[in-house]
Structures are given as C-alpha cells and as structure tokens.
Amino acid sequence: MNKRTQLSPSGLFSELRRRKVYPVIAAYAVVVWIVLQIGEVTFEPLGFPSWAMTGLIILAILGFPAVIVLSWMFDLSSIGLKRDIAVGSSGAVATIAVLPFVDMSVDRDQGYFCDGIAEEILNALTKIQKLNVVARMSSFRYRNVGDDLKRIGKELGATAILEGSVRKSDHRLRIGAQLVNVNDGYQFWSKSFDRELEDIFAIQDDIASSIAGSLLQKLMPVKTTSSQDVEAYEYYLRGRQFLHRFRKKDLDYARRMFHRAIEIDPDFALAWSGYADCFSLASMYEDPEPGYRDEATSASEKALKLEPELAEAHASRGLAHLMSQEFENAEQEFEKAIELNPRLYEAYYYYGRTRFHQGNVESAAEFFRKAAEVNAEDFQSRFLRVQILRGLGRLDEALVEARRGIAAVEKHLEWNPDDARTLLLGTGSLLLMGDTERAEEWIERALAIDPTDSVSLYNAACNYATIGRIDAALDHLERAIDNGTVSADWMRNDPDLDNLRGDPRYAALLRRAEDAPASI
C-alpha cells in the first residue's frame with residue numbers, strides 16, 4: 001500500500017488470521033515442544049554439558065518473535081514461499097505494472113518476442129477483476145531500467161512490478177522473471193526457466209498464475225494464449241508489433257504476419273482477430289473498396305466462432321461492423337467486449353468513433369474519456385475528445401484534456417520520435433493551448449516524415465484549418481483524398497474543419513468523399 005494504515009484491535013486480529021500467523025505459531029509451538037522433549041531425553045546420554053538444555057530453551061524463546069515477524073511478512077503457500085502484500089478494505093490489491101522483458105539473446109533481435117511474452121502476461125492479468133494492471137502503453141515505456149523500480153512504481157502508481165529477461169537461441173529459451181514490491185525492493189516471487197521453445201505457453205501461464213497467486217493469496221490458474229503452436233505464435237507476435245502503427249506499410253506487414261499465423265494454426269482466434277483489424281484499419285485509412293470490408297467481416301466472424309467469449313474478437317467484430325456502417329451492430333459488439341473485459345481500451349475507443357460517425361458527439365466524448373481512463377497514457381482518445389469539447393464550447397474541459405494529452409505525447413515521442421500521426425494529433429491541442437509556433441513546427445516535422453500518408457495529410461489539413469490557413473488546409477485535404485480514404489461522415493462532424501465549411505472547394509471535396517465506395 002502507498003501509506004501506512006492504523007489497525008484497530010479487531011482489525012489486527014483479522015489481519016493476523018488472514019496472514020496465517022496463528023497456524024504458524026501453533027506449528028512452531030509443536031515443533032519446539034518436540035525438540036525440547038528430544039533434548040531432555042538425549043542430551044545427558046550424549047554427554048552434552050548441563051547448560052546445553054538451558055541454551056536450547058533460550059533459543060526457542062528468542063525464535064518466537066522472529067517466527068511471528070516472518071509469518072506476517074511471508075506466506076508459505078502451494079505456489080511456494082512468497083512475500084505477503086496487504087489488500088485494501090475493498091478487496092482490490094496493489095496495482096501491478098508489467099515491464100517489457102529484456103532481450104538477452106546474442107543478436108538482440110528478439111525484441112518483438114520479449115514484448116509479446118510480457119504483453120500476453122499483462123493481458124491475462126487484466127482479466128482478473130481483483131487485480132489493477134497498469135496499461136501496456138504506460139508500462140512499456142520503461143525499457144532497460146536497471147534497479148530504479150521505486151521511481152518507476154511512483155510514476156506509474158504501482159506498488160508491484162513484474163520484470164524479466166529472455167534469452168532465445170534456436171529452440172531453447174532461458175527466461176527469468178521476478179515480481180518486486182516497489183516500496184521496499186523485496187521480491188514477492190521469482191523464478192527461472194530453462195526450457196524448450198515449445199514450452200513458452202506453459203511458462204507464460206506459470207508466470208501469470210504465480211503472480212495472481214502471490215497478490216491474491218490463492219492459487220489461480222491463468223491462461224495466456226489460445227494457440228499451442230509456437231511458430232504460429234511467433235508470427236502473431238510479429239503482426240501485433242506493427243498493427244497499431246496505422247501506416248500502410250505497417251498494416252500490410254501485420255496482415256501478412258497474421259495470415260501466416262492462421263495458415264499454421266487455423267484455430268488461433270487472436271490471430272484471426274488481428275487479421276480482421278488489419279482489413280478494417282486499411283479500409284478506414286487506405287482503401288474503401290468492399291473487398292477489405294468483406295475480409296474484415298469474414299475474419300472477425302471466424303474469430304468469434306472459435307472463441308465466443310474472447311473480448312478482442314467482439315471488439316474486432318464491432319470494428320468490422322463500423323467499417324460497413326452497421327452502427328447498431330457495432331455498438332452491441334463493443335458492449336459485449338466491455339462486459340467480457342472492462343479494461344479493453346480498443347472497445348471504448350472504437351465505440352467512441354462509432355458514436356462520432358453517427359453525429360452523437362457528446363456520447364463519443366464520453367467513450368473517449370472512458371478509453372483514456374482505461375489507458376492513462378493514451379493520447380488518441382484524449383485529442384479526439386479535445387476536438388469535440390472545443391466544438392461544444394466547453395473550453396475549460398478541453399484545455400485540461402489537451403494538457404494531459406500533450407504530456408502523454410511528449411513521453412511517447414521520447415521513444416517514437418518518427419511517429420508522424422502522433423505529432424499531428426498533438427498539434428490541435430498545442431493550438432488550443434496557444435502554442436502556435438510549436439504546433440506549426442510539429443506539422444512540418446510530421447509531413448517531412450510521411451508526406452504521402454492519407455492520415456497525416458488529413459490531420460495536417462485539420463490543423464491548418466484551425467490556424468486559419470485555408471488554402472493550405474484545402475490543399476492537404478485534397479491530397480489526403482487523393483492518397484487514401486477520408487470518411488465523409490467524419491468530415492461532416494469534425495469541428496477542426498469548421499473554418500472550411502463555406503468554401504466551394506471544401507464542398508467539392510466533401511462530395512468526392514461521399515462518392516467514394518462506402519467510405520467510413
């Protein structure tokens with residue numbers, strides 16, 4: 001816990017029971033009695049000096065407080081000796097952050113694999129209601145951090161941190177993991193694995209189950225992935241690494257990786273879900289042709305058929321419905337995904353986008369707020385909410401959200417300086433905050449990184465329109481439509497384009513977007 005609490009007498013007795021101090025004291029008393037009986041019978045025949053029995057009694061008395069302290073601090077359970085962690089009155093345990101595992105392979109080329117292991121464990125832990133888990137985007141910023149876990153824990157609001165390392169060589173794995181109490185640096189749990197690559201699923205399950213057991217005081221089997229084929233799993237991890245970068249080349253690469261995963265393991269539901277998302281996002285940002293939407297529909301249906309209770313599959317199905325403008329069906333799928341996993345960021349984020357496409361901007365702003373609550377370091381949902389709040393005239397709220405979003409972006413850019421989309425999303429908030437010079441610098445920097453990307457060009461148009469540079473805004477909007485997909489619904493509801501509404505050139509561009517094949 002972050003602060004000490006005073007226990008009442010009844011609370012103290014209850015905590016003694018919870019920490020199993022009474023059984024330990026009873027066991028110690030039995031052991032001491034047996035030892036003393038043995039000493040009384042054997043010491044004299046063995047020729048021990050007369051003071052030996054007295055010394056044994058003194059040792060037994062001195063050991064009593066030590067046993068009490070150790071039984072308070074540690075719990076001997078079915079998963080081994082582990083350091084105890086206090087739980088709050090609500091039953092929720094201290095928050096855990098999962099850091100990316102360190103790549104210790106000879107060529108240092110297994111980063112995607114190390115991240116994948118850590119992310120699988122993190123995702124599995126988020127499904128346990130009594131555990132609070134720091135979002136991936138927040139915790140994965142901390143790589144190769146050394147021993148500075150106290151600072152990291154404070155910054156993330158975590159009191160327990162899982163860190164680990166992976167050495168992968170051919171078909172052998174060496175994985176070490178430890179769960180550390182941020183407050184005092186003691187380990188709750190640690191374990192090393194030296195196994196075959198095919199054992200990776202069992203290793204992940206073992207780590208996740210041990211963590212849950214350490215923090216919840218009971219053994220809890222946890223399943224981390226639905227595949228049992230290592231090769232398919234590796235392709236899936238590679239695909240997921242590139243999925244959310246949104247650039248065309250990254251989506252193309254992710255799609256190939258997911259496709260290879262499901263060729264190897266046709267029953268791998270998460271890979272089908274990722275494959276569906278690739279087509280949905282490609283339809284959103286690249287090409288509105290029906291073929292992409294059909295592929296997204298087919299793949300998301302397959303994922304749901306394989307695992308009807310998989311939250312990610314319902315979110316993928318919802319996104320596919322959104323791309324086909326089946327808004328009510330999309331909302332039903334997002335609601336189901338949230339029911340299955342209340343901490344699934346994508347469900348809230350795309351639910352918000354669905355409401356925005358329908359013109360229900362206040363509801364969209366609320367879902368974007370919930371998305372940011374689930375992932376405190378997210379900036380996409382924050383910046384979209386800033387746009388809406390500004391358009392609704394709620395400037396004070398917009399400014400608060402803008403400052404939070406910029407803070408998150410600055411942290412993100414430390415690790416991803418070439419992320420053009422992030423720079424352009426942040427520009428709108430900089431403008432709201434009055435930092436026009438820095439905003440224009442970010443626009444130029446982003447366009448230099450990716451001058452033909454449709455998403456970057458559209459966001460640049462929005463920012464130029466906000467500044468009042470109408471011709472530049474229209475030029476970039478036209479180039480965005482020329483180079484990819486721009487949603488007519490989004491254009492109509494986007495407050496960033498308000499300064500363009502009366503321009504005949506804007507009206508012509510909107511007609512082009514409307515005439516595109518079912519663009520969303």
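A contact is taken here as heavy atoms within 4.5 Å. Leaving out residues up to four places away in sequence, leucine 162 touches Ile96, Ala97, Val98, Leu99, Phe101, Ile121, Ala177, Gln178, Leu179, Ile207 and Ile211. The structure is a predicted model, in which local features need pLDDT of at least 70 and side-chain atom pairs count only at pLDDT 80 or more, while totals for chains, interfaces and linings use all residues. Residues are numbered from 1 along each chain as its sequence is written, and side-chain values use heavy atoms, with hydrogens and water left out.

Of the 520 residues of the chain, 52% are buried, that is, under 20% relative accessible area with a 1.4 Å probe and protein chains only (exposed is over 50%, partly exposed in between). The secondary structure comprises 23 helices and seven strands; these are DSSP runs, with helices (H or I) of at least four residues and strands (E) of at least two, numbered from the N terminus.

Leucine 162 is also one of the residues with the most contacts inside the largest nonpolar core, together with Phe101, Leu125, Ile175 and Ile207; this core has 134 residues. Such a core is a set of buried Ala, Val, Leu, Ile, Met, Phe, Trp, Tyr and Cys residues joined through side-chain atoms within 4.5 Å. Helix α10 (residues 269-285) supplies the largest share of this core, 11 residues. Another core, of 11 residues, lies apart from it and includes Val134, Ile152, Leu156 and Ile161.

Serine 300, in helix α11 (residues 290-306), is buried at a relative accessible area of 0%. Its side chain makes a polar contact of 3.3 Å with that of arginine 317. A polar contact is a pair of N or O atoms within 3.5 Å; within protein, one must be able to donate a hydrogen and the other to accept it, and residues adjacent in sequence count only if both atoms are side-chain atoms.

Aromatic rings of Phe, Tyr and Trp (its six-membered ring) pair if their centres lie within 6.5 Å; planes under 30 degrees apart are stacked, over 60 edge-to-face and the rest tilted.

| Pair | Centre to centre | Angle between planes | Class |
|---|---|---|---|
| Phenylalanine 334 and tyrosine 351 | 5.8 Å | 35 degrees | tilted |
| Tyrosine 349 and tyrosine 350 | 5.0 Å | 65 degrees | edge-to-face |

Phenylalanine 334 lies in helix α13 (residues 327-340) and tyrosine 351 in helix α14 (residues 345-357). Phenylalanine 334 is buried at 0% relative accessibility, and tyrosine 351 is buried at 2%.
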